[in-house]
Each structure stands twice: as C-alpha cells, then as structure tokens.
Amino acid sequence: MDNRYDDQVLEEMRPFLEEHSFRKTENGAFVNEQKAVRVAYDEQRQMYLLSVADVEDGKIGEFKELNAWLFDDSQNAKDAAAVGIDFVGDLRKNMGIKLKRSAANADVELPSFSKSGSVTVTGLTKKLLDVFPASKEDYKNHIASSGGNFLYLHFFGETIVPQLKTLLKSGNKKQVKKLFDLFEELYVKGDKDTVNALVAMLCAAAYEDEAAAGVIKEALAENKHFSAAFENLLPAFSKNKKLVSVLVNKAGLS
C-alpha cells in the first residue's frame with residue numbers, strides 16, 4: 001500500500017494541531033512547546049501509527065506509540081478520515097485537554113429511536129444509552145470531539161462493551177434477562193449494520209472470557225438464530241485484528 005491516504009488522515013487532524021500551535025518540522029513531526037506528534041504508515045503491520053513524545057526546553061524526548069489503526073488495501077479515504085478523527089481523540093486525552101461543555105457538546109442531541117421501519121445503528125445507540133445512561137455524556141463528548149461524526153464501533157468499544165461485560169459477570173440474572181430481551185428484539189428488527197454491531201459487541205464482551213461467553217450462550221439458548229450468529233462469529237472475531245482493535249483494545253480489555 002502506498003501513502004495515498006496520508007493527506008486525508010492529516011486533514012482531519014489539522015484543525016486540532018493548528019489550535020494547539022503545532023508546527024511541522026523537517027522530519028514530518030508536529031511539535032509545540034509540550035508535545036511532539038508523529039503520524040506514519042507501517043507497511044509491515046498495515047497500520048497507521050500515532051506516536052507522541054514529550055518536549056522539554058525545546059528538546060524532543062523518546063516517541064512512544066499512542067495508537068495504531070489497522071488499515072489495509074480494502075479501506076478508502078473515508079476510513080482514513082476516521083483514523084484522523086480517532087487520533088485527535090487520543091491526542092486530546094494524552095494532553096489532558098477536556099472539551100468545554102458549553103462550546104463543544106451542549107448542542108449535541110442524543111440519538112432517537114424510530115418505530116417505523118428497521119432499527120438502525122442510531123436506534124441501537126438510543127437503546128444502549130437507555131440501558132447504560134451514564135454513557136450519555138460520553139456519547140455527546142464523542143460526537144463533539146469527532147466533529148459530528150459517529151464512529152459507532154469505536155464508541156461501543158470504548159464505552160458500552162466494558163459496561164456490558166461488567167453486567168454479564170454481575171450475577172444479576174434479572175438484569176441480564178431484561179438486557180437480552182431487548183437484544184433479541186433489536187436482532188429481529190435491526191437492519192444489517194445494527195445486527196452486525198450487536199453480535200460483534202457480544203463477541204467483544206466474550207473475548208478471551210469464558211465466564212462472559214457462558215452467560216451469553218445461556219441467555220441466547222432459546223433463540224437458535226441469534227445464538228448461531230454469536231457462536232459462528234466468536235472464533236472469527238478473535239482472529240479479526242481490526243474488530244479486536246476497535247471493540248476490545250479501545251475498551252482497555254485486552
């Protein structure tokens with residue numbers, strides 16, 4: 001793969017870099033008074049890498065990898081823009097920069113659920129935020145920090161999957177049943193993206209965790225189609241570096 005998408009990655013990062021007084025150096029890194037940032041594509045790993053170093057008295061320290069995004073020949077300019085958006089979020093966290101609620105996310109609306117037609121990812125997100133209401137503010141921050149773009153798998157990985165995993169292992173059978181009653185409804189009524197995201201989240205929660213996997217299998221025991229979808233994806237999920245990176249590694253579960 002060549003570097004034909006570098007411009008798209010950096011274009012998404014440019015407003016943030018300019019806002020925080022980063023200047024581009026001769027070796028391609030971006031530097032301000034506190035940090036040095038480097039974005040590069042690793043051909044061997046097929047990944048875009050975000051590396052950061054501290055700057056003290058004008059001297060750049062050792063670069064350390066902050067994020068790695070799998071990016072192969074099947075991906076396009078839109079995917080490259082998503083890389084840039086995600087890298088900005090990581091930089092913001094690394095630099096301890098908090099979004100100002102009044103300026104950034106006060107006007108962000110929560111997703112809504114439409115009862116007409118198939119359930120979309122937006123409807124799925126609405127239902128998930130109803131189950132995990134503490135994530136509503138995280139959703140607003142995500143939308144605000146990504147310039148209005150909703151990277152839903154990343155949001156689910158960072159915010160929903162850890163809470164889902166905790167609930168599965170809580171021993172609260174009543175809450176688990178209530179959750180899976182909802183999931184089964186969404187599985188039936190959801191469009192393709194919704195169903196795929198739902199099954200992938202369950203696989204992420206069960207990743208290298210037999211206890212969580214056992215709870216899921218028990219909860220889906222009477223729904224043969226949903227159960228088969230989960231059982232079939234689970235081994236493939238574990239081998240899919242892209243999904244694991246987004247839904248597990250981003251959640252800090254690996």
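Reader: Which residues have the most contacts inside the largest nonpolar core?

Author: This core has 48 residues. A nonpolar core here is a set of buried Ala, Val, Leu, Ile, Met, Phe, Trp, Tyr and Cys residues joined through side-chain atoms within 4.5 Å, and buried means under 20% relative accessible area with a 1.4 Å probe, protein chains only. The model is predicted, so to speak of local features takes pLDDT of at least 70 and side-chain atom pairs count only at 80 or more, while totals for chains, interfaces and linings use all residues. The residues with the most contacts are F156, F180, F183, M201, L202, F237 and L247.

Reader: Which element gives the most to this core?

Author: Helices are DSSP runs (H or I, at least four residues), numbered from the N terminus. Those giving two or more residues include α4 (121–131), α7 (173–189) and α8 (192–206). With 11 residues, the top contributor is α8.

Reader: What does F237 touch?

Author: Touching is contact, meaning heavy atoms within 4.5 Å. Residues up to four places away in sequence are not counted. That leaves A200, C203, A204, Y207, L243, V244, L247 and V248.

Reader: Is T125 buried or exposed?

Author: T125 lies in helix α4, and α5, α6, α7 and α8 are among what covers the buried residues there. Numbering runs from 1 along each chain as its sequence is written, and side-chain values use heavy atoms, without hydrogens and water. Leaving aside neighbours within four places in sequence, T125 is in contact with P111, Y139, F150, F155 and F156. Because its relative accessibility is 0%, T125 counts as buried.

Note on methods
Buried < 20%, exposed > 50% of the residue type's maximum accessible area, 1.4 Å probe, protein only.
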